[in-house]
Amino acid sequence: MTATLFSLTFAVAAPFWALMILLPRWSWTRRIISSPLIVLPVVVSYALLVVPAFGEVLPAVLSPTLGGVRDLLGTSDGAAAAWAHMIAFDLFVGRWAWLDSRERGVPALVMAPVLVLTILLGPLGLAAYLGVRAGWRPAAAGPARQPQRLG
């Protein structure tokens with residue numbers, strides 16, 4: 001079951017990445033990607049891997065040590081769970097970046113490599129998007145509008 005869940009984890013996330021990268025202007029892309037529930041299939045894979053091993057996982061995450069995490073990830077179940085964890089968070093971050101970039105008017109051709117980087121090396125993709133984001137204000141705001149302060 002572990003190998004199957006490992007294989008399915010990216011397969012259930014890939015269509016959402018394809019929409020954001022290959023069909024960013026399609027009206028259904030925004031409708032689909034707007035839902036945070038797109039990560040749910042990956043979260044289910046993660047839960048199916050982690051819940052049965054909860055007794056082993058909980059101590060490793062409550063009081064993490066390098067050796068403890070290494071031992072946990074050094075198993076097929078641990079590696080598959082870590083993979084599902086990464087895929088879920090990468091997809092959530094990619095979704096946020098894509099939605100935010102649409103609001104800011106960031107060109108799809110700029111976002112495509114950022115999203116690919118997010119798929120491959122999540123935190124570096126996030127860093128790349130934060131850099132890109134700094135150059136674009138929300139499209140509705142225009143250059144003369146000042147950001148609103150909260151509170």
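Helices α3 and α6 run roughly antiparallel to each other, because their packing angle of about 155 degrees falls in the range over 145. This is a predicted model. Helix α3 covers residues 40–50 and helix α6 covers residues 76–104. Their axes lie 9 Å apart. The crossing of α3 and α6 is left-handed. On the α3 side, the contact is made by Val42, Val43, Tyr46, Leu49 and Val50. On the α6 side, Ala80, Ala81, Ala84, His85, Ile87 and Ala88 take part. By class, this contact holds ten nonpolar residues and one polar residue, with no charged residues.

**The fold**

The protein has eight helices and zero strands. From the N terminus on, the order of elements is α-α-α-α-α-α-α-α. The C-alpha trace spans about 55 × 35 × 25 Å along its principal axes.

**Helix pairs**

| Helix pair | Packing angle | Axis separation |
|---|---|---|
| α3 and α6 | about 155 degrees | 9 Å |
| α1 and α7 | about 165 degrees | 10 Å |
| α4 and α5 | about 150 degrees | 9 Å |

Take α1 and α7. Helix α1 spans residues 2–22, and helix α7 spans residues 108–120. They pack at an angle of about 165 degrees. That angle is over 145 degrees, so α1 is roughly antiparallel to α7. The crossing of α1 and α7 is right-handed. From α1 come Phe10, Trp17, Met20 and Ile21. They meet Ala112, Leu115, Val116, Thr118 and Ile119 in α7. By class, the contact of α1 with α7 has eight nonpolar residues, one polar residue and no charged residues.

Now α4 and α5. Helix α4 covers 54–62 and helix α5 covers 66–73. Their axes are 9 Å apart, at an angle of about 150 degrees. Therefore α4 is roughly antiparallel to α5. The crossing of α4 and α5 is left-handed. In α4, the contact uses Glu56, Val57 and Ala60. In α5, the partners are Gly68, Val69 and Leu72. This contact of α4 with α5 divides into four nonpolar residues, one polar and one charged.

**The largest pocket**

Rolling a probe the size of a water molecule over the atoms shows where empty space is left. The largest pocket has a volume of about 310 Å³. Its lining counts 18 residues. Which of these lie nearest the centre of the largest pocket? They are Val57, Val61, Leu72, Leu73 and Ala81.

The elements that give two or more residues to the lining are α3, α4, α5 and α6. Helix α6 supplies the largest share, five residues. By class, the lining has 13 nonpolar, three polar and two charged residues.

Technical notes:
Residues are numbered from 1 along each chain as its sequence is written. This is a predicted model: local features need pLDDT of at least 70, side-chain atom pairs count only at pLDDT 80 or more; totals for chains, interfaces and linings use all residues. Side-chain values use heavy atoms; hydrogens and water are left out. Axes are lines fitted to C-alpha atoms, for helices over the stretch in contact, and angles run from 0 to 180 degrees between N-to-C directions. Helices (H or I, at least four residues) and strands (E, at least two) are DSSP runs, numbered from the N terminus. Angles under 35 degrees count as roughly parallel, over 145 as roughly antiparallel, 65 to 115 as roughly perpendicular and the rest as oblique. A crossing is left-handed if the near helix is turned anticlockwise from the far one by less than a right angle, and right-handed if clockwise. Contact means heavy atoms within 4.5 Å. Ala, Val, Leu, Ile, Met, Phe, Trp, Tyr, Cys and Pro count as nonpolar, Asp, Glu, Lys and Arg as charged, and the others, Gly among them, as polar. On a 1 Å grid over the protein atoms alone, a cavity is a set of points where a 1.4 Å probe fits but cannot get out, and a pocket is an open set with protein on both sides within 12 Å along at least five of seven lines; lining residues have an atom within 4 Å of a point. Grid points are joined across faces, edges and corners, and a volume is the space filled by probe spheres set on the points.
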